[in-house]
Amino acid sequence: MAYPGYGAAPGGYPGAQQDPLYGYFSGVAGQDGQISADELQRCLTQSGIAGSYKPFSMDTCRLMISMLDRDMSGTMGFNEFKELCQILNGWKSTFASYDRDRSGTVEGPELQHAITSMGYNLSPQAMNVIMKRNSTNGRIAFDDFMSVCIRLRALTDQFRRRDTSQSGQAMFQYDDFIQVTMSL
């Protein structure tokens, strides 16, 4: 089973105040230095990370936080935000390379190629489920594409933690399965 590679987990980030992203982050973060889903939505809109595409929905912002929420706080610190921006920029580039007509959408075959290029090896049946859940008239918009990428990454991460032998099989207890799937 193919798994995509990921960067190292965030640690301390010296000099955060000099980072251009820190201005966007600190502009919406409260005194606790954390941002919620609605604050993330504002931050990503202000930073222009969505580019010419529509701003991210609240659902997608919640998914972004859950993908990197290692302490299960429901919020995101600056290091997590910085990691998120790097991930989003990669996915944005992938989306743009398959959105050849610059319509802000990709069709099923383009989505399949994009997902494959990110290292996921999904069956036609799995791709069909993704298309049915996320497309409008057979097209996936940028926000929905990001939602698909977040879910694939988060579910793969959770599966990978349980697939200790790297065999493509994992054991889940029912409650564990519910927690994993309902967090997305």
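Q: Which residues do ring pairs link into a cluster?

A: In this predicted model, ring pairs join Tyr53, Phe56, Phe95, Phe142 and Phe145 into a cluster. The count of aromatic pairs comes to ten.

Q: Why is the pair of Tyr53 and Phe95 called edge-to-face?

A: Two values are needed, since a pair of aromatic rings is described by the distance of the centres and the angle of the planes. The ring centres of Tyr53 and Phe95 are 5.2 Å apart and their planes stand at 85°. Rings pair if their centres lie within 6.5 Å, and planes over 60 degrees apart count as edge-to-face.

Q: Where in the chain do Tyr53 and Phe95 lie?

A: Tyr53 is in the loop between helix 2 (37-47) and helix 3 (58-68), and Phe95 is in helix 4 (residues 78-98). The two residues are 42 residues apart, and the pair links distant parts of the chain. Tyr53 and Phe95 are both buried.

Q: What makes the pair of Phe95 and Phe145 tilted?

A: The centres of these rings are 5.0 Å apart, with 55° between the planes. An angle under 30 degrees would count as stacked and one over 60 as edge-to-face, while the rest count as tilted.

Q: How do you know whether Phe95 and Phe145 are buried or exposed?

A: The relative accessible area is 0% for Phe95 and 1% for Phe145. Buried means under 20%, so Phe95 and Phe145 are buried.

Q: Why do Asp59 and Arg62 count as a salt bridge?

A: The closest N and O atoms of Asp59 and Arg62 are 2.9 Å apart. The cut-off is 4 Å, so Asp59 and Arg62 form a salt bridge. It is one of eight salt bridges in the structure. Asp59 and Arg62 are three residues apart in helix 3, a separation of about one helical turn.

Q: What does the salt bridge of Arg153 and Glu83 tie together?

A: The closest N and O atoms of Arg153 and Glu83 are 3.6 Å apart, which is within 4 Å. Arg153 lies in helix 7 and Glu83 in helix 4, so the pair ties together parts that are 70 residues apart in sequence. The relative accessible area is 6% for Arg153 and 8% for Glu83. Each value is under 20%, and so Arg153 and Glu83 are buried.

Q: Where do Arg162 and Asp176, another salt bridge, lie?

A: Arg162 is in helix 7 and Asp176 in helix 8 (residues 174-182), 14 residues apart. Their closest N and O atoms are 2.7 Å apart. Asp176 has a relative accessible area of 24% and is therefore partly exposed. Elsewhere, salt bridges that share partners join Arg70, Glu83, Arg153 and Asp157 into one network.

Q: Which residues have the most contacts inside the largest nonpolar core?

A: They are Leu40, Phe81 and Trp91, in a core of 45 residues. Helix 4 gives the most to this core, with nine residues. Leaving aside residues up to four places away in sequence, Leu40 touches Ile35, Cys61, Met64, Ile65, Met76, Phe81 and Leu84.

Q: What is the phi of Asn137, and where is this residue found?

A: Most residues other than glycine have a negative phi. Asn137 is not a glycine, yet its phi is positive, at about 55°. Asn137 is found in the loop between helix 6 and strand 2 (139-141). Its relative accessible area is 77%, so Asn137 is exposed.

Q: Which residues form a nonpolar patch on the surface?

A: The patch consists of Tyr174, Phe177, Ile178 and Met182, with about 480 Å² of accessible area together. Tyr174 is in helix 8. With a relative accessible area of 65%, Tyr174 passes the 50% limit and is therefore exposed.

How values were computed. Residues are numbered from 1 along each chain as its sequence is written. This is a predicted model: local features need pLDDT of at least 70, side-chain atom pairs count only at pLDDT 80 or more; totals for chains, interfaces and linings use all residues. Side-chain values use heavy atoms; hydrogens and water are left out. Rings of Phe, Tyr and Trp (its six-membered ring) pair if their centres lie within 6.5 Å; planes under 30 degrees apart count as stacked, over 60 as edge-to-face and the rest as tilted. Helices (H or I, at least four residues) and strands (E, at least two) are DSSP runs, numbered from the N terminus. Buried means under 20% relative accessible area, exposed over 50%, partly exposed in between (1.4 Å probe, protein chains only). A salt bridge is a side-chain nitrogen of Lys or Arg within 4 Å of a carboxyl oxygen of Asp or Glu. A nonpolar core is a set of buried Ala, Val, Leu, Ile, Met, Phe, Trp, Tyr and Cys residues joined through side-chain atoms within 4.5 Å. Contact means heavy atoms within 4.5 Å. Patches are made of residues with over 30% relative accessible area and no salt bridge: like charges are joined within 9 Å, nonpolar side chains (Val, Leu, Ile, Met, Phe, Trp, Tyr) within 5 Å. Accessible areas come from the Shrake-Rupley method with a 1.4 Å probe; for residues, only the protein chains shown count as cover.
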